[in-house]
Structures are given as C-alpha cells and as structure tokens.
Amino acid sequence: MERYVCVHCHFYQPPRENPWLAAIESQDSASPYHDWNERIAAECYAPNSASRILDGQGRIAKIANNYSRISFNFAPTLLSWLEEKAPWTYEQILAADRQSRESFSGHGAAMAQAYNHLILPLASPRDKYTQVLWGMRDFQHRFGRDPEGMWLPETAVDLETLECLAALGIKFTILAPHQAQRWRSRPWDEWTNLDGGAIDPTRAYQCNLPSGRAISLFFYDGPISHAVAFEKLLCNGENFARRLLTGFNDARNWPQLLHIATDGETYGHHHARGDMALAYALDYIERHRLARLTNYGEYLAQHPPTQEVAIVEKTSWSCVHGVSRWEADCGCNSGGNSSWNQQWRRPLRDALNWLRDHLAPLYHLQAQPLLLDPWAARDDYIRVVLDRSPWNVDDFLARHGFPGLSREQQVRALKLLEMQRHLMLMFTSCGWFFDELTGLETVQSLQYAGRALQLAQELLAVDPEEEFLRRLEQAWSNIAGFGNGRQVYERFVRPAMLNLVEVGAHYAISSLFDGYRGRSYVYCYSVDLLESRVLESGKARLALGRAEISSRFTREQMTVTFGVLHFGDHNLTAGVRPFSGEDAFRALAGTATRAFKSADLHECLRVLDHHFPGATFSLKSLFRDERRRIVSQIVNSTLRDAESVYRQVYDQHAQLMCFLSELHMPLPGILRVTSDFVLDRAVGRALTDRDVDLERIRTLIETASRDNVQLDVPALQFALRERLNAIVDQWALKPADRDLLETVAAVVSLARVLPFEVDLWKVQNVYYRLLQGISADAIARDTSSGWLEHFQELGERLGVIVPDTAFVCPRLPGQVDAAPLRDDACRSMTGLSSAAHRRYRQSQML
C-alpha cells in the first residue's frame with residue numbers, strides 16, 4: 001500500500017507588543033538580538049526558508065525551503081511581526097505555500113490558527129467564534145485562499161470548538177493521540193474505547209458533531225513527535241528519516257499517513273541546526289523513494305475518512321490534566337523551580353473572566369448608538385487590524401457605523417473596538433503556561449488588561465479597575481518582594497501606561513536630537529509639527545513648539561505645547577502640556593527665549609517649571625528603545641572626543657608598542673588600553689565607511705592580532721555582516737556586474753581569514769539562487785569576461801558545490817544574447833514584491 005509522510009510544524013510566539021506602542025521593546029534576555037521574536041526568527045524562521053543540505057565534506061549541496069515540503073501554521077500575530085520586521089522570511093513563507101499547492105494537488109502547506117492563541121475550551125462562546133473567524137480572515141489576507149485546516153492553540157479542544165470550526169467551513173484539525181476517546185468503523189458498530197493514546201495515527205477520522213455537522217481529525221504519531229522534541233533525534237538527518245519510517249506497518253491495508261506534530265521552533269531554536277536535519281530527512285525520503293511527502297489537505301482529499309472518532313473533551317497536547325494548566329495549579333509547569341507553585345493561575349483566570357464579562361454588556365450599550373451591530377463590527381474589526389490605513393478605517397466605519405458619525409463618535413467607536421481586542425489578547429495562553437506570576441508572558445497579559453481598563457475608564461461612567469485589582473489580590477507571586485497580583489500590576493503595568501501628553505514628551509525630547517520635521521511617527525502615533533524654534537548656545541539648546549499628536553489606532557488627537565532645555569550630554573529637562581491658547585504659548589516663548597539668550601539657564605529652567613507644573617520630563621521619560629538610541633548618540637559623541645586624545649597617544653608611541661610586541665613583552669596598562677581602544681574603533685569605522693577599503697581592514701586586523709588587541713567581536717561581526725549584506729543586495733540586483741562580484745568575493749575572502757566567525761548566510765542564499773540560473777551553454781560562451789570563473793571561485797569560498805549545469809544564465813558583460821535570470825529567482829534574491837520587481841526589470845531594459 002501507499003506510504004505518505006507529513007511533518008507538521010506549529011510556529012508560534014506570544015504577542016509581545018507594548019499595548020500602548022503596538023511595538024516590541026528591547027528584551028535584554030534575548031541578547032544579542034533586540035527581542036525574542038528577532039532572535040527566534042534568526043535561529044529558526046529564516047533558516048527554515050533556506051535550509052542547507054550538506055554533502056559528505058560539509059559543502060552546501062542544496063538549499064531548500066522547508067516550508068514548501070511540510071505542513072505548517074504560523075500564529076497570525078507572529079506573521080504580522082514577520083511581515084514588518086523580517087519581510088524576506090515572510091515572503092518565503094507565503095511563496096512556500098504557493099509552491100506546495102503545485103506539489104500537492106492544489107493543497108497548500110499552510111494551515112490557519114485561532115487568532116491570538118487563547119485556550120478555546122476556556123473561552124466564552126463569543127470569543128471562541130471571533131478568534132476562529134479572525135484566524136481565518138488573517139489567513140485569507142496573507143495566503144490569498146481559504147484555509148482547509150486550523151490549528152487549535154495547544155490542540156485544546158471540546159465539541160463546542162469543533163462545532164465552531166465546522167460552521168465556519170474548516171475541514172480538519174490535528175490532535176494528540178490521547179485526545180481520542182473511542183472509534184468505530186460504521187454508525188451501527190459498537191464503539192471501541194481507546195486508552196493512553198491507542199488510536200492508529202496513520203489515517204484520517206471523522207468526528208460527527210451534535211449539530212449534524214462533521215469535521216475530519218488527524219491524530220499525530222505521539223512517540224515519534226516526542227522523540228523529535230525531547231530525544232535529540234535532530235542530531236542526524238538520516239536517523240530522523242529512518243525513525244519516521246518506523247511508523248509504517250505492512251500489516252495495515254490502507255494508504256498510511258505517518259505524520260508528526262511539534263512546535264516549529266524545535267527546528268533551529270530549541271535544537272541548533274534542526275532545520276538542516278529536517279531538510280536532509282525530507283530529501284533522504286524523497287531521494288530514496290521511501291515514501292511520498294504530502295500534507296493534510298491532499299491526503300484528506302485523496303483518502304477521506306472511513307472511521308468515526310469521538311474526542312476526550314477539554315484536553316490538550318501539553319497538559320495531562322486536560323486544560324487545567326491554564327486555570328489551576330495542576331502540577332504542569334516548565335520545571336524551572338521545584339519549590340514554586342502555580343496557585344496564582346486560578347485567581348488570574350477568574351479576574352480576567354470577570355473583567356471580560358463585566359465589560360461585555362457595557363461595550364454593547366455604549367456601541368449601540370454608534371455601530372449598527374456591535375458584535376458583528378467586532379467580528380469584522382480584523383479588517384482594521386490588518387490594515388490601519390485611513391481609507392480602510394473609513395470604509396470599515398462606513399460599513400458598520402451609523403451614517404454621519406462625528407469625529408468624536410468615530411474615536412469613541414474605535415476605542416470601544418480596541419477595548420474588545422485587548423480583552424481577547426489578555427487571554428493569550430502563555431500568560432498561564434509558565435511558572436511565575438511576574439514572568440514576562442503573564443505581565444504581558446496583565447498589560448493587555450491594563451490597556452482595556454484604561455480605555456474603559458475613558459469611555460464608561462464606571463471604573464472597574466479597583467474591583468479588578470481586588471480580585472487580583474488573591475494571586476500571589478512565588479518571589480519574595482513582589483507580593484500579590486495588585487502589587488504586580490502597580491509595579492509592572494501602571495508605569496507602562498501612556499497618554500497623548502507622554503507621547504508628546506517623547507516626541508519633543510527625541511526630536512531635539514533628530515530634528516523637528518513637519519510630520520513624524522512615534523510608534524502607533526503620528527505627530528504634526530505646528531510650530532517650533534530651536535536656540536543654541538555652546539552645548540546648550542532650547543526648543544519650544546506646538547504639535548498635534550494623533551493615535552493611528554483610535555484617531556484620538558491632542559495639541560500640545562512643549563519646551564525642552566538641554567544643558568549638554570545627558571542633562572535635559574522638558575515640559576509638555578495640552579495647548580492652552582496662543583497667549584499662553586507666546587508668553588512661554590518670550591520669557592524662555594529671553595532667559596536663554598541672556599545665558600541664564602537657571603532662569604530658563606525656572607520658566608519651564610512655571611509653565612509646565614507637574615508635567616516635566618527627562619531622558620528617562622523616553623520609550624526604552626529610543627532612550628537607548630539617544631543615550632548611545634551622547635556616548636558616541638563622548639567617545640569621539642576621547643578617541644582624538646587616545647589617537648595622539650597611540651600615534652606617538654606606535655613604534656614602541658610594536659617593538660614591545662616583537663619582544664613578547666606585555667604593554668604597560670595605559671598603552672594596552674590605548675591600543676585596544678584606538679584599533680577597535682579604527683576597525684569598526686573601516687567596516688562602516690561608505691567606501692570599503694578591504695586592504696586597510698586587513699592591515700588593521702593583522703595589527704590587532706599582532707598586538708593581541710581585545711576587539712569588540714560582537715560589534716565587528718555585526719558591522720561586517722551588515723556591510724557584506726548591503727553589497728550582496730546590490731549584486732542581487734545586478735548579478736552580471738563583475739565589479740560587484742569581485743567586491744563580494746573580496747569581502748568573503750576577508751571574512752574567511754578573520755579571527756572571528758562572520759555570518760555568510762545571506763550571500764550563500766543569493767549565490768545559490770544565481771547558481772540555479774547558469775547553463776552549460778553560457779559557460780561555453782563566456783570565454784572573455786571571466787565572470788563565470790570568478791563566480792565559481794566565489795562558490796568555493798562560500799562552501800557551495802558548483803555543478804557543471806543549471807538552467808538559464810544571467811546577462812553577462814558583453815553577452816547581449818545571454819538569457820536573463822528568471823523573474824521569480826531574482827525576485828526571491830532581492831526580496832522585491834512582484835510589482836516592484838517588474839518595475840526594476842523595466843528600468844533595466846530601458
């Protein structure tokens with residue numbers, strides 16, 4: 001009988017965005033990356049889009065997009081982040097689904113997921129419906145087709161959830177084997193009870209629902225999935241492939257589907273180079289014709305279920321107690337501290353349930369005069385979440401709002417809908433999954449609740465915050481000093497809350513360093529500068545002005561007056577308040593300007609204190625990432641001053657330091673510090689100069705090595721990688737440019753001899769795609785330019801196997817008749833959209 005293999009990957013990260021900024025702020029625990037999304041994208045999501053398959057000598061034989069050969073789902077909130085922050089990887093994921101449809105009889109590899117990963121059996125019926133609908137709409141928006149299957153967060157399931165899926169047209173979902181309760185072949189047969197995951201996982205099953213609908217269910221192979229996640233099976237790709245094949249049994253008389261399901265992050269993040277083991281295993285199975293790769297949609301269409309199954313209600317794949325991990329101290333935890341308990345889970349769940357249920361009727365009451373159907377508007381609000389452009393929001397309000405809504409009414413309607421969005425986000429499963437009330441994920445859930453409460457306070461006649469905090473008092477941290485849920489809220493949530501005045505303060509301070517422009521964007525806010533003046537005297541500066549702050553999410557607006565006094569370095573004070581009229585602003589401008597021009601900075605400071613009572617700010621008031629950026633500017637300015645001094649010392653004593661190195665004598669401390677500082681700065685600057693001087697870089701590195709200089713290796717790795725990637729981007733657009741090719745080759749050669757490792761991932765990807773476009777005829781014709789010779793040499797330096805033949809050739813210098821690269825290959829190298837790529841090709845033809 002036929003044998004099929006399907007590997008499913010559930011790719012998910014919890015939403016980490018600051019609810020008031022709609023952006024992820026830096027997370028030191030993810031260092032050297034900005035945040036955990038960025039780190040895991042570099043370790044997993046990107047590598048799986050271009051995974052290396054090596055030969056016996058460790059050279060790259062193939063680069064494969066794993067997503068096109070597996071089944072996968074991405075959390076919608078994670079895809080939103082990837083679209084903005086990792087667009088190349090995002091495009092490869094979408095392209096893989098398109099490619100998989102060609103490979104798997106029109107059935108795509110991608111599955112949908114309930115929107116923000118809340119545990120559906122614990123959700124209210126209304127939230128359950130919205131979450132499934134939003135997940136489907138997000139999928140349609142990104143993949144351009146209807147989803148056939150949907151991944152349930154933590155595979156948590158009950159009949160009501162399956163009814164919801166079936167009602168909305170979802171054909172199948174995937175469950176763990178222990179979630180099957182019993183099965184039978186025909187409706188009149190006796191049920192066979194299943195204990196301990198005893199269901200045969202190699203076929204599809206049908207679950208008949210109380211409504212008369214039905215949905216197909218797949219139960220993944222538990223032992224092999226467990227081995228992938230926890231038994232180091234990904235250390236060897238061939239062993240992985242062979243273990244997959246052990247799931248087949250010749251005694252079965254039906255087309256067998258061997259399928260596993262794990263967190264997608266297993267392949268690269270949890271297990272380094274796990275993506276390569278996956279790529280090799282799939283290639284090994286195909287190459288040796290051991291089974292046929294497929295996905296769930298294709299298998300289901302070709303082999304519909306003939307067996308009926310009943311589920312165990314309120315179960316999941318990651319809690320042996322059902323779904324208790326997300327509402328009780330059931331004993332399931334991450335094992336970080338055996339002395340801790342999770343008794344905080346129940347009061348946290350109860351408090352959030354109360355907040356949702358308390359605000360639901362108030363939302364309906366307040367939205368009724370504004371929206372034709374408040375709950376239908378909430379269901380359709382995903383359209384706005386996916387596209388917050390003004391014209392799309394106008395269209396949404398035209399569809400769902402009563403005619404003629406004033407601007408104030410529009411703001412009110414959007415705030416109500418944002419409140420509802422945050423009331424769902426606060427139930428994201430990770431808030432309960434881990435061990436401690438003060439963990440990042442749980443605090444994130446509390447921040448979503450805090451944003452919902454803030455909006456409720458602005459919109460409603462009642463303030464539910466005090467009752468909510470009273471209920472949180474029953475949740476206690478395991479860490480002495482943090483106290484209960486109320487104290488955690490006051491410590492981690494309230495300080496994060498923002499209003500438009502504080503956004504104005506951030507703008508006023510940061511713009512003093514960046515320049516005041518007509519329109520600026522501060523995260524999810526836009527700022528229109530109405531008036532400004534900047535005075536300077538030595539290091540001191542004074543900025544005064546007016547600006548209109550607008551939320552791009554709720555359309556709320558405020559005009560603010562600001563004044564910023566910078567004494568130099570980090571010494572700065574600012575005042576911001578709502579604009580109170582032209583006369584008050586002129587009085588501020590006049591008195592502050594006179595004091596500054598007379599060099600009386602203390603009087604100028606007193607003027608600001610007088611005009612902005614209780615509303616003064618400093619560099620500490622900046623949002624975290626911007627604060628670090630501005631402070632880095634100040635520090636770099638100081639370092640430039642210091643460098644000029646240290647450079648003089650180094651130049652005066654360079655020969656002595658060289659002589660001491662030749663004698664293997666240690667440098668005196670002050671000379672050691674001077675040498676380290678000057679050479680490290682020189683290498684860093686050489687790597688970032690507009691015109692890269694490779695010979696100078698090589699000389700500086702050799703000098704540093706000779707003198708045993710302690711270089712800032714992470715910073716230099718980053719700088720060289722960015723420089724190399726920038727050159728590669730140019731080369732990808734003009735692959736036949738021999739000068740660019742030689743520059744790439746020179747930088748790669750330099751990287752190979754450096755005393756630290758340099759990331760060549762991107763240049764290898766571009767090279768491999770170009771390699772697929774070179775034919776034997778082109779090689780035979782290229783007798784004069786030397787392009788192909790240089791190209792082959794670059795391949796050797798990159799560790800890529802260069803075969804004798806490929807497909808088509810890029811236009812080589814002096815070869816008008818050489819065929820250009822295929823559009824899809826060039827587009828995948830540059831990361832351009834189809835339309836943008838067409839414009840580029842047209843410009844090249846001109």
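Helices here are DSSP runs of H or I with at least four residues, numbered from the N terminus. With that settled, here are my notes on the model, which is a predicted one.

1. **Confidence.** The average pLDDT for the protein is 91, and 94% of the residues score at least 70. The stretch to treat separately is residues 805-846, where pLDDT stays under 50. For that stretch the model has 85 contacts beyond four places in sequence.

2. **The second largest pocket.** What lines this pocket? There are 39 lining residues, and Phe 230, Asp 263, His 270, Ser 318 and Phe 433 are the ones nearest its centre. The space inside comes to about 1,200 Å³. By residue type, the lining splits into 17 nonpolar, 16 polar and 6 charged.

3. **Which elements build that lining?** At least two residues each come from helix 1 (36-45), helix 6 (222-230), strand 12 (256-263), helix 15 (430-433) and helix 16 (440-459). Helix 6 gives the most, with 5 residues. If you're looking at the pocket on screen, Phe 230 and Asp 263 are among the residues nearest the centre.

4. **Cysteines.** How many disulfides does the structure hold? The count is 0. Cys 164 is in no disulfide either, and the nearest cysteine sulfur, that of Cys 207, is 14 Å off. Cys 164 has 10% relative accessibility, so it counts as buried.

5. **Helix 5, where Cys 164 sits.** Cys 164 is one of the buried residues of helix 5 (residues 159-167), along with Thr 161, Leu 162, Glu 163, Leu 165 and Ala 166. What do they pack against? Their partners are helix 4 (125-143), strand 6 (150-151), strand 7 (172-175), strand 10 (205-208), strand 11 (214-219) and strand 14 (307-311). After helix 5 comes Gly 169, which has a positive phi near 95 degrees.

6. **Helix 27.** Is helix 27 (residues 761-771) enclosed or open? Because 9 of its 11 residues are buried, helix 27 is largely enclosed by the rest of the structure. The buried residues are Val 763, Gln 764, Asn 765, Val 766, Tyr 767, Tyr 768, Arg 769, Leu 770 and Leu 771.

7. As background, most residues other than glycine have a negative phi, and most peptide bonds are trans. Ser 31 and Pro 32 are joined by a cis peptide bond, with omega about 10 degrees. Pro 32 lies in the loop between strand 1 (3-11) and helix 1. Ala 599 has a positive phi, near 65 degrees, and falls in the loop between helix 20 (582-597) and helix 21 (601-611). His 664 also has a positive phi, about 60 degrees; this His 664 is in the loop between helix 22 (624-662) and helix 23 (669-688).

8. **Are Ala 599 and His 664 buried or exposed?** Ala 599 counts as exposed because its relative accessibility is 59%. His 664 comes out at 73%, so it counts as exposed as well.

9. **Arg 412.** This residue is in helix 14 (residues 407-425). With 26% relative accessibility, Arg 412 counts as partly exposed. Which residues does Arg 412 touch, leaving out those up to four places away in sequence? They are Gln 366, Leu 370 and Leu 459. For a sense of distance, Arg 412 and Ile 60 are 57 Å apart, C-alpha to C-alpha, with 352 residues separating them in sequence.

10. **Leu 788.** Leu 788 belongs to helix 29 (residues 787-798). Its relative accessible area is 5%, so Leu 788 is buried. Between Leu 788 and Thr 616 there are 64 Å in space, C-alpha to C-alpha, and the two are 172 residues apart in sequence.

Technical notes: Residues are numbered from 1 along each chain as its sequence is written. This is a predicted model: local features need pLDDT of at least 70, side-chain atom pairs count only at pLDDT 80 or more; totals for chains, interfaces and linings use all residues. Side-chain values use heavy atoms; hydrogens and water are left out. A disulfide is a pair of cysteine sulfur atoms within 2.5 Å. Buried means under 20% relative accessible area, exposed over 50%, partly exposed in between (1.4 Å probe, protein chains only). On a 1 Å grid over the protein atoms alone, a cavity is a set of points where a 1.4 Å probe fits but cannot get out, and a pocket is an open set with protein on both sides within 12 Å along at least five of seven lines; lining residues have an atom within 4 Å of a point. Grid points are joined across faces, edges and corners, and a volume is the space filled by probe spheres set on the points. Ala, Val, Leu, Ile, Met, Phe, Trp, Tyr, Cys and Pro count as nonpolar, Asp, Glu, Lys and Arg as charged, and the others, Gly among them, as polar. pLDDT is the predictor's confidence in each residue, from 0 to 100. Contact means heavy atoms within 4.5 Å.
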